[in-house]
Amino acid sequence: MAEKKPIVGFSKLNKEDKLKLVASYFEDKDSAMTEMQTFWHSDPQKQKLFDEFSENTISNFYFPFGVAPNMIINGQNYMVPMVIEESSVVAAASSSAKFWSERGGFKAKIISTEKIGQVHFIWKGKTEKLQTHMPAIKEKLIYGTTDITHRMEKRGGGIKDIELIDMTFELENYYQLKVTFETVNSMGANFINSCLEEFTILLKAYFTETDDFKNGEKDCMVIMSILSNYTPNCLVEAWVECPIEKLIQKDIDMNPKAFAWKFEKAVRIAEVDTYRATTHNKGIFNGIDAVALATGNDFRAIEACGHTYASRSGKYRSLTKISVKDGMFKYTLRIPLALGTIGGLTSLHPMAKRSLQLLGNPNAEELMMITAVTGLANNFGAIKSLVTKGIQQGHMKMHLFNILNHYNASEEEKKKASEFFNDKKVSFQSVSEFIKGIRH
Ligand code: MEV
């Protein structure tokens, strides 16, 4: 059984020895080790690439790579790559894509593309003195980072602004330099953090070298310098609209007006109730995270930012807005998405590179629109199901194969089960009974 003593020097072991040690934690050591090895890539060069993405890699963890076809965005047809394990997400996105492709498609626009970084510091002197020195500090910081920024500037990006923020009302002597960046097609984390760490050095130097600051560093202590994942000004809007009477489909078992009314109420509930808003927004992130993962983007950053944005009024609310008036149905998602199409894993991960190729090698703005639309597609699909037949029918149908796999069902058994459950309710119990029945 598991070795419970602290492990020293694990990261220095070679991969095989790491795997052996990890396998010793399982009761079936040998088969655990073999199983993990079966998920190694057959091409050692490709495996090496994955090993080097992260520390202590011993195997790979597979997720399905799927696509949602027919996503019409601003008149262009996309096949959207999605990486997600939840069985009904790609199906919901695809079905919404098809629904809206017959009603004018999705629309999207970029509102802004700014990123933010912060230098957090303590200053014990007078605020006015800092303010007086800000123009000179700003010049030193911008001039002192030109070797980092010149390439970004050539691409149309760089440092846009540096502001002094007085935070002393929250914490004694606490100030920030709030830095605004434009990082064009890269998510920009490395660029921003490199600039900010250089700022730390330059700011300290300014305080030690300037005669006006006799106490030098004693008065100014930089605590940390790091990008902020909250990017409320890196915003995209995606929406759908059509005449209410067009909201008609065979799985909407009510008249279009009643459907629009119920849909609107469901969205309003998510605006005012935090419990519902969380689930509502989770449904949006089903699509957004899946595209972020497929394209090698940082879905944790995107999630963190989206949830903060959802709380910007002081209360956590839904990220969508609805308007049902003058015979028109309009449903909008506005969300900050700091995405990149160059740098990071975007071209390093072979499948992320393929995802971007599948999308026609979009720039970051185009990817923001595609991703937001996919989030809206998933959310629209969820609300449409919730206010009509509920989600379980579709969800459990997609889950049928997971339950069958749990029982190691053969291909023949799966075929029989698909036919049998075509017009019946799927549940763990019903599938279990079905399998037992045919096996007898
Ligand atoms: C499930 O992954 C997502 C939903 O719960 C979202 C929602 O309730 O809006 C269906």
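Which helix gives the most residues to the shell around the ligand? In this predicted model, that element is helix 9, with six residues.

**Figure 1. Residues of the shell around the ligand in the predicted model.** The shell consists of Glu86, Arg276, Thr279, His280, Lys282, Gly283, Asn286, Ala382, Ile383, Leu386 and Ile391. By class, these residues divide into four nonpolar, four polar and three charged.

**Figure 2. Oxygen atoms of the ligand and the side chains of Glu86, Lys282 and Asn286.** An N or O atom in the side chain of Glu86 lies 2.5 Å from an oxygen atom of the ligand. For Lys282, the corresponding separation from a ligand oxygen atom to a side-chain N or O atom is 2.7 Å. For Asn286, an oxygen atom of the ligand is 2.9 Å from a side-chain N or O atom. Of the 300 Å² of accessible area that the ligand has on its own, the protein covers 84%.

**Figure 3. The second largest pocket, whose space is taken by the ligand.** At least two lining residues come from each of helix 4 (89–101), helix 9, helix 12 and helix 13 (392–406). Helix 12 gives the most to this lining, with nine residues. The lining has nine nonpolar, 15 polar and 10 charged residues.

**Figure 4. The largest pocket, with about 1,500 Å³ of space.** This pocket is lined by 45 residues, of which Phe53, Leu293, Gly296, Leu345 and His349 are the closest to its centre. Elements that give two or more residues to the lining are helix 3 (44–51), helix 6 (146–154), helix 7 (189–209), helix 9, helix 10 and helix 11 (350–358). The largest share, four residues, comes from helix 6. Classified by type, the lining has 23 nonpolar, 16 polar and six charged residues.

**Figure 5. The largest cavity, with a volume of about 80 Å³.** A search of the whole structure finds one cavity of 30 Å³ or more. The lining of the largest cavity includes Lys115, Ile116, Met187, Leu227, Ser228, Ala301, Ile302 and Cys305. Strand 4 (114–123), strand 7 (220–228) and helix 10 (299–310) are the elements that give two or more residues to this lining. Helix 10 supplies the largest share, three residues. Eight residues of the lining are nonpolar, three are polar and one is charged.

How values were computed
Residues are numbered from 1 along each chain as its sequence is written. This is a predicted model: local features need pLDDT of at least 70, side-chain atom pairs count only at pLDDT 80 or more; totals for chains, interfaces and linings use all residues. Side-chain values use heavy atoms; hydrogens and water are left out. A residue is near a molecule or strand if one of its heavy atoms lies within 4 Å of it. A polar contact is a pair of N or O atoms within 3.5 Å; within protein, one must be able to donate a hydrogen and the other to accept it, and residues adjacent in sequence count only if both atoms are side-chain atoms. Accessible areas come from the Shrake-Rupley method with a 1.4 Å probe; for residues, only the protein chains shown count as cover. On a 1 Å grid over the protein atoms alone, a cavity is a set of points where a 1.4 Å probe fits but cannot get out, and a pocket is an open set with protein on both sides within 12 Å along at least five of seven lines; lining residues have an atom within 4 Å of a point. A molecule sits in a cavity or pocket if more than half of its atoms lie within 2 Å of its grid points. Ala, Val, Leu, Ile, Met, Phe, Trp, Tyr, Cys and Pro count as nonpolar, Asp, Glu, Lys and Arg as charged, and the others, Gly among them, as polar. Grid points are joined across faces, edges and corners, and a volume is the space filled by probe spheres set on the points.
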